[in-house]
Amino acid sequence: MPVYASIRARVPDHWPDPDLAGQPIDCDLMPWCEETLRTHLARSGAVGVAGIDHWILMAQTMARLHDNKGLIHRDIDEGNILLGPGGCLWLADLGIVSVVRGERTLIRGKDFNYPPEVRRAQDVDIEVHPSYDAWQLGRVLYMLLTGDPARSPSVNTGSEIETNTREQWNRWKDIRNPEHRDVAWRVVDPDPQSRLSLVEAI
């Protein structure tokens, strides 16, 4: 992704994740972005194939964070992706980033944005894996190509999380390129064991 400037900051000592608390962190500054992907989809519909190169850059960035830093974003959705100058996509909101360490952690976020393996009550305690981010980015890829919000027809309004799976999204035929459709379909596989990794998707 483009980097316009970078500053060195320090994670607050009271940060919820003890592995990050008090640690130095490099923060990239980005240009002013007028809208989120959510507002763009509502106003203009699909970004189309023009967004694929930017999606690949975003996926490459996340794959490097997974492999080199052991970090998982956990909250990648259309409200946390900003559209910058020239159609650049910027991933924002690192508020619940986790360090991959094979332990269990609380899952927080929007119900429609949970991968299918998370099906029970909100704030369920499960192990987070990089495939979690892969599914969320796969959902974003589907939205970029179709303009569809990629949500289950029945959005959760109670204490139970409704399953949100690829079979419930109804505009797959809008993805004309079979290779694009295949990658988007496989990266949101409901089985995390057979789901495409970001490296495989790229």
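**Reading the aromatic cluster**

Reply: Start with tryptophan 135, which counts as buried because its relative accessibility is 0%. Keep in mind that this is a predicted model.

Me: How many aromatic pairs are there?

Reply: Ring centres must lie within 6.5 Å to pair. By this rule there are 5 aromatic pairs. In one of them, tryptophan 135 and tryptophan 169 have ring centres 6.0 Å apart and planes at 55°, so the pair is tilted. Tryptophan 135 sits in helix H3 and tryptophan 169 in the loop between H3 and H4, so this pair ties together parts 34 residues apart in sequence.

Me: Are the rings of tryptophan 169 and tryptophan 172 stacked or tilted?

Reply: Planes under 30 degrees apart count as stacked. Here the planes are at 15° and the centres 6.1 Å apart, so the pair is stacked. Tryptophan 169 is buried at 3% relative accessibility, and tryptophan 172 is buried at 10%.

Me: Which residues form the aromatic cluster?

Reply: Trp135, Tyr142, Trp169, Trp172 and Trp185 form one cluster.

Me: What is the phi of alanine 150?

Reply: Phi of alanine 150 is near 55°, a positive value in a residue other than glycine. Alanine 150 lies in the loop between helix H3 (130-146) and helix H4 (178-187). Alanine 150 is buried, at 0% relative accessible area.

Me: Is threonine 36 buried or exposed?

Reply: Buried means under 20% relative accessible area. Threonine 36 has 18%, so it is buried. Threonine 36 belongs to strand S3 (residues 35-36). Beyond its neighbours within four places in sequence, threonine 36 contacts Glu78, Gly79, Ile81, Leu82 and Leu83.

Note on methods. Residues numbered from 1 in each chain as written. Predicted model: local features only at pLDDT ≥ 70, side-chain atom pairs only at ≥ 80, totals over all residues. Heavy atoms only, no water. Helix = DSSP H or I, 4+ residues; strand = E, 2+ residues; numbered from the N terminus. Buried < 20%, exposed > 50% of the residue type's maximum accessible area, 1.4 Å probe, protein only. Contact = heavy atoms within 4.5 Å. Phe/Tyr/Trp six-rings, centres within 6.5 Å; stacked < 30°, edge-to-face > 60°.
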